[in-house]
Amino acid sequence: MSFYNELENHVHEQLSRRNFLSKTSLGLGAAAMASLLNADDSMAKKVLSGTPEGASLPLGKPHFAPKAKRIIYLFQSGAPSQLELFDYKPKLEQMWGQDLPESVRKGQRLTGMTAGQSSFPLAASKYKFAKRGDNNMMISELLPFTSSIVDDVTFIRSMHTEAINHDPAVTFFQTGSQQGGRPSWGSWISYGLGSDNQNMPSFVVLLSKGRPGDQPLYAKLWSNGFLPSVHQGVVFRSGPDPVFYLNNPEGIDKTSRRRMLNSLAKLQQAQFEKILDPEINYRMAQYEMAYRMQTAVPETMDISKEPDYIFDLYGEDSRKPGTFAANCLLARKLIEKDVKFVQLYHQGWDQHGNLPNDIKTMAKSVDQASAALIKDLKQRGLLDETLVVWGGEFGRGSYSQGKLTKDNYGRDHHPRSFTIWMAGAGVKKGFVFGETDEFGYNVIKDPVHVHDFQATVMHLMGVDHEQLIFKHQGRRYRLTDVHGKVVKPLLA
């Protein structure tokens with residue numbers, strides 16, 4: 001036998017061995033495909049061919065019994081001021097206009113927008129607070145509708161983060177890292193728990209704006225990062241085409257589309273057999289998902305059949321596609337279709353100046369719909385299995401940015417303390433956790449770091465945040481990096 005024949009046989013032997021190992025150890029590809037393709041469909045079986053029968057993974061199932069089956073995350077991009085909304089501080093009224101004591105600030109790092117200020121005059125909220133609910137929680141007059149649901153809500157007043165600017169802070173909340181490139185929270189949930197509806201993505205993103213010209217949002221916030229691409233968040237937009245490129249082009253009907261996908265699957269499978277890249281199968285799974293979404297998405301996104309009392313509950317804006325209110329209503333419809341993670345981003349909260357007027361506008365844009373979502377889920381029996389989260393990337397400082405007057409002031413970024421609320425599956429009701437000092441500047445009781453918050457939410461979904469791991473470039477990654485602990489006092 002010639003040297004070249006021996007080499008060829010050796011390559012074939014290695015390829016065969018590699019083929020075997022890949023098809024047994026890359027069961028993740030099969031798992032993703034099985035979760036996204038209809039297992040009874042002949043096309044699915046062809047795409048999955050070659051994967052050993054009975055191959056299993058510790059994915060697609062929770063680590064322990066979950067309290068929550070789904071998450072709706074109402075992310076308030078731009079950082080709403082806790083001092084105007086949730087964290088009442090009468091001390092600021094008493095010391096209005098006086099400088100923030102250095103003993104409170106303790107040399108904290110500031111942004112470039114206030115680092116040059118010669119003084120830091122304390123600014124009390126222009127808006128009044130009142131006791132609400134059975135536990136007499138102090139809530140701002142800016143949130144009359146939220147005030148009506150406080151007995152169903154847990155407020156965390158002791159949140160803190162490491163990031164001081166918007167982009168790294170939002171990225172930190174959504175991916176567990178201040179740098180881009182990591183998988184988003186929803187992608188981790190999709191990767192770990194799979195999908196409950198074969199015709200819809202497990203991770204859907206909805207976008208809205210409360211006012212123009214605010215902090216931008218980037219696709220990295222809902223990216224799958226280094227996880228398989230099937231776990232990327234899918235943006236649903238307002239209008240006749242909620243998902244780009246979902247509809248068939250002119251001259252292509254459903255039957256033609258099916259034939260095309262069948263032929264494409266054969267080509268993709270042949271390519272997979274040759275180069276053994278699991279991303280080929282993930283790509284095919286996305287094509288198949290898009291095919292099934294052609295029917296499921298328009299039906300889900302159609303709110304025309306909702307009764308008038310539902311629009312009255314969510315507010316007049318709920319009739320306007322693309323608004324926060326309309327997206328809250330869609331979020332309810334999506335979780336009814338068993339979408340596991342629904343992420344709403346609402347822009348407009350970055351108020352360095354003219355805060356009293358701008359925060360009034362923003363609060364009005366979210367207050368009624370946020371409360372309506374809780375009430376709607378509750379009346380449908382869905383709140384006990386759905387976790388709703390409301391909050392931004394950091395808080396706002398207790399001193400005025402720029403000139404302070406009785407009617408106007410601004411607030412700079414403040415990562416050392418802010419407020420988030422949660423409601424629904426697995427969390428206590430009518431509960432306040434954590435405490436800030438009398439200036440609302442530092443956490444003095446029960447601090448909750450971003451990684452702690454992530455670990456707690458994952459726990460409610462039945463996921464051990466230390467065990468949901470993906471190995472990439474020789475390192476084991478997880479959402480909470482090497483940090484985070486479950487905040488058990490928040491749990492019901």
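Which backbone nitrogen does the side chain of Ser125 reach? I opened the predicted model to find out. The side chain gets to the backbone nitrogen of Tyr127, at 3.0 Å.

I placed Ser125 in the loop that runs between helix H6 (102–105) and strand S2 (129–132). Buried or exposed? I checked Ser125 for that next. Its relative accessibility is 17%, and the cut-off for buried is under 20%, so I put Ser125 down as buried. Leaving aside residues up to four places away in sequence, I found Ser125 touching Leu83, Glu84, Tyr409 and Arg411.

**Helix H8.** I moved on to H8, residues 166–175, and noted it as mostly covered, with eight of its ten residues buried. The buried ones are His166, Ala169, Val170, Thr171, Phe172, Phe173, Gln174 and Thr175. Just after H8 I came to Gly176, which has a positive phi of about 85 degrees.

**H13 against H14.** My last stop was a helix pair. I looked up the axes of H13 (residues 324–336) and H14 (residues 355–379): they come within 8 Å and cross at roughly 20 degrees. Angles under 35 degrees count as roughly parallel, so I wrote H13 down as roughly parallel to H14. The crossing of the two is right-handed. From H13, I listed Phe324, Ala325, Cys328, Arg332 and Ile335 as making the contact. H14 brings Ser365, Val366, Ala369, Ser370, Leu373, Asp376 and Leu377 to it. I sorted the residues of this H13–H14 contact by type and got eight nonpolar, two polar and two charged.

Notes:
Residues numbered from 1 in each chain as written. Predicted model: local features only at pLDDT ≥ 70, side-chain atom pairs only at ≥ 80, totals over all residues. Heavy atoms only, no water. Helix = DSSP H or I, 4+ residues; strand = E, 2+ residues; numbered from the N terminus. Buried < 20%, exposed > 50% of the residue type's maximum accessible area, 1.4 Å probe, protein only. Polar contact = N/O pair within 3.5 Å; in protein donor to acceptor, adjacent residues only side chain to side chain. Contact = heavy atoms within 4.5 Å. Axes fitted to C-alpha atoms, helices over the stretch in contact; angles between N-to-C directions. Parallel < 35°, antiparallel > 145°, perpendicular 65-115°, else oblique. Left-handed = near helix turned anticlockwise from the far one by under 90°. Nonpolar A, V, L, I, M, F, W, Y, C, P; charged D, E, K, R; others polar.
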